[in-house]
Amino acid sequence: MGNTAAQEIAAGYATEGGALELGTVVIDGVVDPSARVRIPFATLNRHGLVAGATGTGKTKTLQGLAEQLSTAGVPVLLADVKSDLSGMARPGESNPKIESRAEDTGDDWVATGFPVEFLSLGGSSSAVPIRATLTQFGPILLSKVLDLNDTQESTLGLIFHWADQQGLPLLDTKDLRAVIQHLTSDEGKADLKGIGGVSSATAGVILRALVNLEAAGGEDFFGEPEFDPRDLMRQVDGKGVVTLLELADQAANPRLFSTFLMWLLAELYEDLPEAGDLDKPKLVFFFDEAHLLFNGASKAFLERIEQTVKLIRSKGVGVFFCTQLPTDIPNNVLSQLGARIQHALRAFTPEDQDALKKTVRTYPNTKNYDMEEALTSLGTGEAIVTVLSERGAPTPVAWARMRAPRSLMAAIGAADVTAAAKASPLYPKYGETVDRESAYEKLTAKIAEAPPPPPPPDDAPPPPPRQQREEPGMVAEVLGSPVVKSFLRSAASALGREITRGLFGTRRR
């Protein structure tokens with residue numbers, strides 16, 4: 001009975017083209033090595049989800065998926081949040097557990113290393129540092145990093161717009177500080193006359209958030225040379241390069257890390273041509289700790305994530321979100337994820353139980369498993385799977401025993417990572433910071449060149465009567481009315497949205 005049911009499930013995963021081998025079907029605790037569970041390469045740009053509690057095997061699943069993609073010539077970006085994937089650069093080591101897993105999954109396991117590129121977000125890391133300019137990053141993504149509210153995000157958009165109109169490049173954090181300080185000075189307030197302005201209170205919030213970002217190492221990330229996302233799409237000896245992006249000095253600011261990945265995705269969308277239907281994707285992104293991307297996100301930010309995920313598939317890019325609970329992903333994004341690999345869930349608290357019930361409802365009906373029991377009974381390295389078949393229909397739900405990775409399932413050490421990074425062709429391109437003339441230098445030079453104000457003449461007229469001096473207060477009272485404030489906020493928001501052409505207000509210069 002079990003073998004027949006396993007074969008029926010596996011029939012739904014049959015494919016005529018190439019496919020990723022996930023594992024084999026388990027029924028009533030019995031594994032059938034001939035009942036294969038696969039994801040067709042042609043459907044990988046329909047995106048996916050890898051979820052499960054800590055310690056259930058998510059990271060090893062990501063490692064195995066990345067290995068097979070690399071073997072097929074598909075480049076991969078993996079966010080190595082816990083810095084334990086560097087072993088992909090080395091062949092694995094056989095042991096009884098791996099041999100048993102290979103037998104269960106019908107895998108002709110061979111120890112294999114893969115071409116790996118080690119990158120980090122700025123800072124004094126052992127990997128190749130990568131950076132982005134603030135102009136390119138844009139106000140919407142920066143607002144997410146700085147944890148700004150809607151009003152502050154609108155003001156930041158106005159600041160970016162003004163700097164763009166004045167030809168003042170915002171390359172690093174000191175550029176943005178200089179522009180904000182200028183626009184809140186007596187001279188700068190006149191520059192925004194007629195379209196609102198930057199209030200001292202809002203400017204103070206943004207400046208304090210910038211200082212906190214710099215203290216957490218953020219100033220090392222923003223600047224030049226700016227990373228070109230096309231450097232992710234490389235092959236070595238026919239294998240796709242696996243890019244491991246680590247936190248480096250950003251460990252205290254995972255919000256920047258996840259938002260940077262979204263920026264990379266938006267940049268790829270802008271740069272890549274339309275691809276249509278492909279036999280396999282051009283690139284696959286893995287967003288580890290995806291809940292960090294969505295926590296506290298503004299409505300504008302969530303809308304742009306949804307739009308990016310929806311559109312990027314036409315450029316041949318696949319995206320997999322990795323997190324503990326499927327409920328971490330907004331419904332509008334979750335509905336676009338065709339492949340689902342769900343490792344074990346825990347149901348220790350009422351919130352966990354609610355998440356479990358919601359997760360069960362997202363799977364097709366199945367006669368083979370009690371889904372609530374299955375999701376809490378999965379062993380390490382096992383998952384409940386459903387994907388899109390080549391004809392675009394969901395496959396039957398399968399309890400799968402996942403294949404073991406072929407590369408080393410351990411870190412290789414900082415010294416080896418440093419040696420690999422220094423030998424990388426990307427190191428000469430991104431290894432050293434460049435600080436060219438930008439907004440900070442231009443505004444500093446402008447202040448230095450400004451002539452001192454002339455002394456008042458000896459025959460200066462007497463001050464105007466009291467009622468004339470009070471007229472500015474009347475103007476302030478009008479500007480302070482709720483109607484006028486609402487109009488100015490709307491104007492600033494509209495200008496902020498017009499900054500640039502990108503999905504997140506970014507533009508490559």
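How many residues of strand S5 (residues 116–121) are buried? Select the strand: 6 of its 6 residues are buried, so S5 is mostly covered. Buried means under 20% relative accessible area, exposed means over 50%, and partly exposed lies in between (1.4 Å probe, protein chains only). Strands (E, at least two residues) and helices (H or I, at least four) are DSSP runs, numbered from the N terminus.

Before moving on, note that this is a predicted model: local features need pLDDT of at least 70, side-chain atom pairs count only at pLDDT 80 or more, and totals for chains, interfaces and linings use all residues. Residues are numbered from 1 along each chain as its sequence is written, and side-chain values use heavy atoms, with hydrogens and water left out.

**Stop 1**

On one side sit Val116, Phe118 and Ser120, all buried. On the other sit Glu117, Leu119 and Leu121, buried too.

S5 and S9 pair in the parallel sense over 5 bridges. Two strands pair if DSSP finds at least two bridges between them. Pick phenylalanine 118: its bridge partner in S9 is leucine 244. Then turn to S6, which runs parallel to S5 and is joined to S5 by 3 bridges. Here leucine 119 stands opposite valine 128.

**Stop 2: the whole sheet**

Zoom out and colour by strand. The open sheet has 12 strands with mixed pairing, in the order S2-S1-S14-S13-S12-S3-S11-S10-S4-S9-S5-S6. Its edge strands are S2 and strand S6 (128–130), and each pairs on one side only. On average, neighbouring strands are turned by 30° against each other, direction ignored. Axes here are lines fitted to C-alpha atoms, for helices over the stretch in contact; angles run from 0 to 180 degrees between N-to-C directions.

Select strand S13 (residues 382–386) and strand S14 (residues 398–402). They pair in the antiparallel sense over 4 bridges. Isoleucine 384 stands opposite tryptophan 399 in S14.

Contact means heavy atoms within 4.5 Å.

**Stop 3: aspartate 104**

Select aspartate 104 in helix H3 (residues 96–105). Is aspartate 104 buried or exposed? Aspartate 104 counts as buried, at 18% relative accessibility. Leaving aside neighbours within four places in sequence, aspartate 104 is in contact with Thr24, Val31, Asp32, Pro33 and Arg401. Its side chain makes a polar contact with the side chain of arginine 401 (3.1 Å). A polar contact is a pair of N or O atoms within 3.5 Å; within protein, one must be able to donate a hydrogen and the other to accept it, and residues adjacent in sequence count only if both atoms are side-chain atoms.

**Stop 4: salt bridges**

A salt bridge is a side-chain nitrogen of Lys or Arg within 4 Å of a carboxyl oxygen of Asp or Glu. By this rule there are 17 salt bridges. Asp107, Asp108, Arg403 and Arg406 are linked in a network of them.

Next, select lysine 174 and aspartate 172, whose side chains meet in a salt bridge (2.8 Å, N to O). Lysine 174 is buried at 17%, and aspartate 172 is buried at 12%.

Go to aspartate 231 and lysine 429, another salt bridge (2.9 Å, N to O). Aspartate 231 lies in the loop between H10 and S7 and lysine 429 in helix H18, so this pair ties together parts 198 residues apart in sequence.

Then pick glutamate 224 and arginine 436, joined by a salt bridge (2.7 Å, N to O). Glutamate 224 is in the loop between H10 and S7, and arginine 436 is in the loop between helix H18 (427–430) and helix H19 (439–449), 212 residues apart. Glutamate 224 is buried at 14%, whereas arginine 436 is partly exposed at 38%.

**Stop 5**

A cis peptide bond joins the two, with omega about 0°.

Finish at histidine 47, in the loop between strand S2 (30–40) and strand S3 (48–51). Histidine 47 is not a glycine, yet has a positive phi of about 70°. Histidine 47 is also buried, at 1% relative accessibility.
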